[in-house]
Amino acid sequence: MGVAIIGCGAIGSYLARSLDKGIIEDLEVKVLYDKILERARSLSSSLSCRPRIAETLQDVTCSEDVSLVIEAASQEAVRSYALEILESGKSLMIMSVGALADPDLFRRLKKMAETKGVRLYIPSGAIAGLDAVKAAGMAGISRVTLTSRKPLRVFEGNPYIKSKGIDLSRLEEPIVVYEGSASEACRLFPFSINVAATLSLASIGPERVRVRIIADPRAQGNIHEVVVEGDFGRLECRTINKPTPENPKTSFLAALSALATLKKAVDKVHIGT
């Protein structure tokens, strides 16, 4: 199966190199697309499969040897490109899941995938327990909370943090920088809380899932604590992440989750929910 990757940053590059090593049989990177063309060219030249460089989205959607597109760019890329990709008859895996905290966008993408007979893949990302959350939803979920504890580097340059007058350089103790809905969290922290959207889609929706974000000067990586209550009982799940070597702001598990999703897409046997 031919693959195109949109976004050649930390996760996009990791996925491209992993597929190039043949980690998943029957998947080959055919096209790379990044708004910074030199970044795509540099990645392509480092791969043995030497994928083509797309200069426009149409170069991706019109590629007959591509069946699956991986978005690893940004929420804005999802909003700008996702519908057109699905409409072109290609399946799509979305990494910037925070964009799907917009219920209208998610509904339109889901409907387009159904109309075109293609797949929309949303990896679990940097949290564990989504298999149990989905199973619990079959009987009914009453409450979902996500507490994310993050190192200070994750918040560098964030407009919301600046607007609150939080001086990260002076922070010595953990503080809660946000508490509210998952939908608002995804809007205010577009590059660092995709897990909130994923958890919401797997459970009770972005308006009902409650999120608490903590800036912790002692944290080495992202720590996510999920609590779910419902007819099934109570679920508590804690994930302590290590960052990717390429980008200290990105959890390694998020990239591994994407690989696992790709493997599941081609495997004939599926284990787990």
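I count a polar contact as a pair of N or O atoms within 3.5 Å; within protein, one must be able to donate a hydrogen and the other to accept it, and residues adjacent in sequence count only if both atoms are side-chain atoms.

The model is predicted: local features need pLDDT of at least 70, side-chain atom pairs count only at pLDDT 80 or more, and totals for chains, interfaces and linings use all residues. Residues are numbered from 1 along each chain as its sequence is written, and side-chain values use heavy atoms, without hydrogens and water.

**Domains.** I looked up the domain assignment, automatic or from a database. It gives domain 1 (2-126 + 253-266) and domain 2 (130-240). Their centres, taken over C-alpha atoms, are 25 Å apart. I then checked the interface of domain 1 and domain 2 and found 4 residue pairs in polar contact, both residues at pLDDT 80 or more.

**Aromatic pairs.** I searched the whole structure and found 6 aromatic pairs. Rings of Phe, Tyr and Trp (its six-membered ring) pair if their centres lie within 6.5 Å; planes under 30 degrees apart are stacked, over 60 edge-to-face, the rest tilted. Y160 and F189 pair edge-to-face, at 5.5 Å centre to centre and 75° between the planes. Both are buried (under 20% relative accessible area; exposed is over 50%, partly exposed in between; 1.4 Å probe, protein chains only). Y178 also pairs edge-to-face with F189, at 6.1 Å and 70°. I read relative accessible areas of 5% for Y178 and 2% for F189.
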